[in-house]
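I set aside some time today for strand pairing and charged side chains. Here are my notes, in the order I looked things up.

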Amino acid sequence: MTGISGLESQSAPNEAAVTIEVFPKESIVKVGDTVTVMCRAGEKLQYCRVTSPAGTFNLKPNIPVSNGYIYSGKGLETGECGFTIANVQEMNNGNHTCYLGFDNTGLESNTTMSVIVAKPPTTSPELSVSLVGSRVSADFQEGQTIQAMCRVPDNRPPSNLTWFIGNEQVTDGLSPIRKEPENCGYADLCAVSQNLTHTLSWRDNGKELSCFVQHFAMDERANNQTKSQLNVLYKPRDVEISSEQFGFEIGKPGRISKQVQANPRPSFAWNVGGGEWIREGQVDSLTGRFRAGETINNGSGIWQASLEIDSVTAEDVERVYNLRASNIAGVTDYAVSISTMDAPQVLHTQDAYEAIQTAMNWLERQPEGTATQLVLHKRLRDVAAKKPCKQAIPIERLPYVGEDSANIFKLMVSCGQHNKPSSLLSQFSRLKCYLFIQVAPHLSLRAVELNTTSALANYATEAAGGGVRGKASHSSSEAQIDPEPKTEKTTAHIEVEVDGGMENPSANHTASNEYINGNQDVKKTDQNSDKDTPV
């Protein structure tokens, strides 16, 4: 038995009446349960009478009455007028009133409580899905707003409803639960319904919109949910981070592949360096060297297009390969380049985690370090701990971020003396991956390719151990300057000093101050010489 407990005191309408306590004030039970109610006064009773939906009964100890009601308590002389229903049935649902008569006054007092016999839904929820303002359920497009209604008929007390899209519970866009009829009471048999308003994303495609019903008396084996699969149409989307493909060899056949995600299936066409469009299965008419392959369905809405090159030339490496993917939801263009270099190594999660943690430790000790910067680095660190990077981070033209700032992994970090970001990035260099940093234009650095050096690996060890004073330099980094308005190169030289376990980020970054025009040599400081050595 499950009860919603409470105490109520009522008196007869005169000054000599006696106060009555009732417990519980309300009980919610299932068919077949046992429920006990106690009405209690502080004086000896002459009689104990109960009116119920099943009839009216005079109750006495050890004397059972019809319809399963029996007296419960320590006797009328103690002022207790209680009753027990040993086998609750539908007919017991409703209000019950105790009437207590007193020997010494001849007066009567009464109080009322409710027995709610729960009735679970007998069918699964009714679910309808349509566009807002329309009653038609059909295919939807990304950005459209749908309205779904879930309805559960004939239940008592009202059921609770829960919504899911896929495995994620939906809590936004829900209307209050409505009862039918509107004046349906807690102990009445009624229907409940709820609306969900949701703006569709491409991520919703293929997921099931589900309405679950929870009810106190529902059997675990009952069908308590209804599902509707969402078919969301959306234009082609990129699923690959890098637009450059590696591993091509001059004089050998090559194959460019590009994966996109779309619904429905897109059609593809390739364009080589601004020439004609080559559709699936066709060969270019100008040279006959390029053939567009057939589209491959990789599942989960991912489609793979390919362009075959019969024999890669040096000119092919310099070209841009344009791919156009289109379906009824829209058109998306992509640009792909190829390289004869090997693909960047996969970044291992443990190395990434440790390096980012080292950078966080350094940043935390800097006066310009803020809580926001630390939170962003922490998020990056946690992402690195979850799974390995599958792609090199691509070179991008990042927006200008100001004189005293740098953009690392699209995270804003203060430059301070303009050499600290390079010191910070040196923490990452032992990971043997591509990192890119944008700094103020007068620093002359646009993007930095950091390579593994044993010296910087030693630096990380020294910084962690503490109490060691030493120097580690990184002179193999090359910075490529923004080619607008002209192409220039400089060599990044990073020196990091460790003292007592505290990194010294104010170490020299001589390349930041070397901005050489034309064909003049760029110089770096030789740590073993007082002279400058041309690069």
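**Ground rules.** I am working with a predicted model, where local features need pLDDT of at least 70, side-chain atom pairs count only at pLDDT 80 or more, and totals for chains, interfaces and linings use all residues. Residues are numbered from 1 along each chain as its sequence is written, and side-chain values use heavy atoms, with hydrogens and water left out.

**Strand pairs.** I took helices (H or I, at least four residues) and strands (E, at least two) as DSSP runs, numbered from the N terminus. Two strands pair if DSSP finds at least two bridges between them. I looked up strand S21 (residues 232–238) and found it parallel to strand S13 (residues 140–141), with two bridges. Within that pairing, leucine 233 of S21 sits opposite glutamine 141. S21 also pairs with strand S23 (residues 254–263), this time in the antiparallel sense and over three bridges. Here I noted aspartate 238, whose bridge partner in S23 is valine 260.

**Salt bridges.** My rule was a side-chain nitrogen of Lys or Arg within 4 Å of a carboxyl oxygen of Asp or Glu. How many salt bridges does this rule give? The count comes to 17.

I then checked a few of them. Arginine 151 bridges to glutamate 126, with the closest N and O atoms 3.5 Å apart. Arginine 151 lies in strand S14 (residues 145–155) and glutamate 126 in strand S12 (residues 126–131), so this contact ties together parts 25 residues apart in sequence.

For exposure I used relative accessible area: buried is under 20%, exposed is over 50%, and partly exposed is in between (1.4 Å probe, protein chains only). Arginine 151 is partly exposed at 21%, and glutamate 126 is partly exposed at 39%.

Next came glutamate 208 and lysine 227, whose closest N and O atoms are 3.4 Å apart in a salt bridge. This pair links strand S19 (residues 208–214), which holds glutamate 208, to strand S20 (residues 225–229), which holds lysine 227, across 19 residues. Glutamate 208 is partly exposed at 35%, and lysine 227 is partly exposed at 45%.

Lysine 258 lies in S23 and glutamate 240 in the loop between S21 and strand S22 (244–245), so the pair joins parts 18 residues apart in sequence. Are these two buried or exposed? Both lysine 258 and glutamate 240 are buried.
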